[in-house]
Amino acid sequence: MAAGHRKKPEKFICCVCGRELPFCWWCPCGFMICSECMEENLWGMTCNGITWTCPDCGRIRGFGND
Ligand SMILES: [Zn+2]
Ligand SMILES: [Zn+2]
């Protein structure tokens, strides 16, 4: 993916399990995590269930939008 590309990814490959999936939670920095891995790591990713924190860049990301 080109640097500076900040739109929704064309395909989703989970950074944790490495599978290509129809959807992953994603961050503009390029980090992606599938919902299964998100659930497994939820304790480390979110403290409120409404937003999650990207482990790569620290950006706060919301569940459900964009
Ligand atoms: Zn995964
Ligand atoms: Zn990030």
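User: Which pattern does the protein chain follow along the sequence?
Analyst: The order is β-β-β-β-α-α-β-β, where helices (H or I, at least four residues) and strands (E, at least two) are DSSP runs numbered from the N terminus. This is a predicted model, in which local features need pLDDT of at least 70, side-chain atom pairs count only at pLDDT 80 or more, and totals for chains, interfaces and linings use all residues. Residues are numbered from 1 along each chain as its sequence is written, while chains are lettered from A and ligands numbered from 1 in the order in which they are written.

User: How many helices and strands is that?
Analyst: The protein chain has 2 helices and 6 strands.

User: What share of the residues is buried?
Analyst: Of the 66 residues in the protein chain, 14% are buried. A residue is buried if 20 or more other C-beta atoms, placed from the backbone, lie within 10 Å of its own, exposed if 12 or fewer, and partly exposed in between.

User: Switching to methionine 45, where does it lie?
Analyst: Methionine 45 belongs to helix H2, residues 42–45.

User: Why does methionine 45 count as partly exposed?
Analyst: Because methionine 45 has 19 C-beta neighbours inside 10 Å.

User: Leaving aside neighbours within four places in sequence, which residues is methionine 45 in contact with?
Analyst: Those residues are Met38, Trp52 and Thr53; contact requires C-beta atoms, placed from the backbone, within 7 Å.

User: And isoleucine 33, on that basis?
Analyst: With neighbours within four places in sequence again left aside, isoleucine 33 is in contact with Cys14, Cys15, Val16, Cys24, Trp25 and Met38.

Notes
Two residues are in contact if their C-beta atoms, placed from the backbone, lie within 7 Å.
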